[in-house]
Amino acid sequence: MNMLAARAFLAALLVGTSLSGCSFLHPETCEGTAAAVAELDRLPALELRPQGATAVDGVPGAEAHCVDDTSGAWLTAERFYAYDGTRNDVLEYYGREAPAAGWRPADGLGMGSDGRRVLFCFESADRPSLTLYFTSPETLREIHGTQPHPAELLGVNARTWYWWSTEADRDGSGMDC
């Protein structure tokens with residue numbers, strides 16, 4: 001390969017990886033994030049939940065972990081709840097309790113990318129954002145293959161199912177909604 005072709009190849013590689021979010025010069029991976037993941041999982045606001053909301057354990061993704069993909073790495077901690085109240089009850093609760101704990105509702109709230117989940121996000125000046133979104137046991141079965149039905153696992157008659165989660169940069173610093 002001649003020098004001009006080598007330079008063109010290298011330039012294309014650098015531009016391509018920059019545009020795709022990948023970088024082999026400064027890769028962001030999950031290596032060394034265990035302490036930040038554990039700290040994020042202890043965020044007190046993640047324990048906010050209406051009385052009667054039951055934590056659903058064993059649902060894939062309902063734990064703290066580092067996500068490492070082509071756009072970089074970030075941390076997430078999630079809680080999944082079954083609740084016998086309505087969505088409005090949940091919204092009223094978090095609409096009151098999140099601001100009392102130091103988070104404010106963010107703009108641009110609405111439907112999720114799949115058109116079926118409503119997303120609500122709360123931001124804080126110095127802490128990671130918190131996200132509330134609703135789902136259904138049917139969606140859990142479709143996406144995660146959860147069997148048996150989560151209500152059967154818990155022995156509850158819930159009519160509202162939701163995720164309460166937070167995301168942070170690799171170092172544990174906050175991310176916006």
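The expected span of a helix is 1.5 Å times one less than its number of residues. In this predicted model, helix α3, which covers residues 87-100 and has 14 residues, reaches 20 Å from its first C-alpha to its last, close to the 20 Å expected at 1.5 Å a residue. The buried residues of α3 are Val 90, Tyr 93, Tyr 94 and Ala 98. Seen down the axis of α3, these buried residues fall within an arc of 105°, so they line one face of the helix. An α-helix has 3.6 residues a turn, so residues three or four places apart point the same way. Asn 88, Glu 92 and Ala 100, by contrast, are exposed on the other side of α3. After the helix comes Gly 102, whose phi is positive, near 105°.

The structure holds six salt bridges. One of them joins the side chains of Arg 96 and Glu 97, at 3.4 Å from N to O; Arg 96 is partly exposed, with a relative accessible area of 48%, and Glu 97 is likewise partly exposed, at 25%.

A further salt bridge is formed between the side chains of Asp 41 and Arg 79, with an N to O distance of 2.8 Å. This pair links distant parts of the chain, since Asp 41 lies in helix α2 (residues 34-41) and Arg 79 in strand β3 (residues 72-83), 38 residues apart. Asp 41 is partly exposed, with a relative accessible area of 29%, whereas Arg 79 is buried, with a value of 15%. Asp 41, Glu 47 and Arg 79 are linked in a network of salt bridges.

How values were computed:
Residues numbered from 1 in each chain as written. Predicted model: local features only at pLDDT ≥ 70, side-chain atom pairs only at ≥ 80, totals over all residues. Heavy atoms only, no water. Helix = DSSP H or I, 4+ residues; strand = E, 2+ residues; numbered from the N terminus. Buried < 20%, exposed > 50% of the residue type's maximum accessible area, 1.4 Å probe, protein only. Arc of directions from axis to C-beta. Salt bridge = Lys/Arg side-chain N within 4 Å of Asp/Glu carboxyl O.
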